[in-house]
Amino acid sequence: MIKNKPIYDICIEWRERHINEKQLVLILSFFVGVLSALAAALLKQLIHLIRYFVEHVLVTGENTIWYFICPMIGIALAAMFVRFVVKDDISHGITKILYAIAQRKSIIKLHNTWSSIVGSAITIGFGGSVGAEAPIVLTGAAIGSNLAKLFRLDQKTMMLMIGCGAAGAIGGIFEAPIAGLVFTLEVLMMDLTMTSVAPLLISSVTATVISYVFNGTEPMFALQTVEPFAIERIPWYILLGIVCGFISLYFIRSMNSLEQWFKRAVQTWWIKVILGGITLGLLIYLFPPLYGEGYDVIIQLINGDSSSAFAMSPIAQWGTGMWIIVAYFIGIVLLKIVASVATNGGGGVGGIFAPSLFMGALVGFITARILNILGITVPETNFALVGMSGLMSGVMHAPLTGIFLIAELTGGYHLFLPLMIVSISSFLVIKLFEQHSLYAMRLAQKGELITHNKDRSVLTLLKMDNVLETDLITVTPEMTLGELIKVISSSKRNIFPVVDKSGKFKGVLLLDEIRNIMFQPRLYERFTVRDLMNSPQALLTHDMTMDKVMEIFEDTGAWNLPVVDNHKKYIGFVSKSKIFESYRHVLVHFSEE
């Protein structure tokens, strides 16, 4: 303490005097990128160490039963970690980011800066059939949110720092800086302005460079051979995009339905662990490519080696014919959703990035293999590569993210055109059936989703406290007209909320409706406020979102509405003109470049 003032407050005051907000945002975006990359590197290393323990210590010789047991162990350990250590739900990481932006003033809990790393490392390291990307994106977003909170930045800037954390996380774990930027714009649905693009790029590029230091500059899925793009194959790329669109539809609806069923059918946490672990173990025994993230299988497929993934399964004993292999991989595509839900539903922690990439590579390979069997020559490697982009575009409703991520992951920049064709075709198909991505669907159903709709975004930033008017004079039902006239003479408003002695709202009295009798003294004792008051067209509650408030105003045609608490005690009034005034101020600040 210096002069009875905390050191923290002194530091904040020094920053406010010497570093303006724009400079601070650029500085923080750099540190967010650094911390996000370090978090991604830590998560990768933890997964690698746990997997090494499983594959080189537990699994020795023919002792492959551990491949059945380990996923259950991972799910159990992750579930206990979440239940007894974190004591908070850390699943559906990107959905939680969207919710924080839309409904929590961009505040993400501090434990999210580390809890998802531990939970997902345990889950995936032991063989959970999910991805590490969504947990690390939540980690990066939490780092950005808490750094902004530490420096007492406003909600708009906190939102930007969340975006920086997400961009840095994608850049760090995938070594894909452009994908990190477009992911933030498409999936987290942030507006692109001159103010936001520089910090997002700084975080994404910084994280990528640091990742290069740890992992080298080789692409994650380095291509050995790839055929050049041929114009005559455009129809088959369009076909692949359409197939990816329908598989994306299957992905979204099946995962959503299975998650809901799992949540409703099983209430006891340890039964969920057992059910999820046994289901996952059986699936991995029959279909070994379902073990872990599946990136080894992706590398095999995009480099033309489909036999290795098939040879690991006991199903290979049935034969190695072309159609048997196709049927085998179709089974994996259909069951990957079950494996992922069993992992997360059982108590594991992971995301859908890796499952969507894994299924996309398989869908591309299957489509190409069937075309080749039918006598239509297409490159299976190219189709497996662009299939990843197609499925990611459909599942996440993010074609640009799919295009740039796969180009950066594989170094296949010369295949931009087929990546675009497949991604856009898939996106157009899925939009016919699903308005929102899997991430946004849960929030959209509750009306809690912030979008690129500027009006909706600005209304989300407005809160009831911003527009509440408390300067109206209240009157009681027992008050006579004569007493009311005295109140009116001292008021500057023409609306009078009626409340009883306990403060509960009873009705509203409008000056215009008593104007014809207010100058007749003979009526002053005849009428009371109870006789003259009316019921409002609707009641607002103090915890309503502003878009819900505006919806009520539009439905009722009202211009002023009362606000009460959950016990119907009067709090104040909200006017449409006050909302419009606050909206204009926030819009200017929100869009400022």
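A short chat about a predicted model follows.

User: What should I know before reading the numbers?
Analyst: This is a predicted model, in which local features need pLDDT of at least 70, side-chain atom pairs count only at pLDDT 80 or more, and totals for chains, interfaces and linings use all residues. Residues are numbered from 1 along each chain as its sequence is written, and side-chain values use heavy atoms, with hydrogens and water left out.

User: OK, is β1 mostly covered or exposed?
Analyst: Strand β1, residues 495–499, is mostly covered, with 5 of its 5 residues buried. Buried means under 20% relative accessible area, exposed over 50%, and partly exposed in between (1.4 Å probe, protein chains only). Strands (E, at least two residues) and helices (H or I, at least four) are DSSP runs, numbered from the N terminus.

User: Which residues are on which side of β1?
Analyst: Ile 495, Pro 497 and Val 499 lie on one side, and Phe 496 and Val 498 on the other. In a regular strand, side chains alternate between the two faces of the sheet.

User: What does β1 pair with?
Analyst: β1 is joined by 5 bridges to β2 (residues 505–510), and the two run antiparallel. Two strands count as paired if DSSP finds at least two bridges between them. Opposite Pro 497 stands Val 508 in β2.

User: How many residues sit between β1 and β2?
Analyst: The hairpin has 5 residues between them, and Gly 503 in the turn has a positive phi of about 90°.

User: New topic. Is Phe 31 buried or partly exposed?
Analyst: Phe 31 is partly exposed, with a relative accessible area of 43%. Phe 31 belongs to helix α2, residues 21–58.
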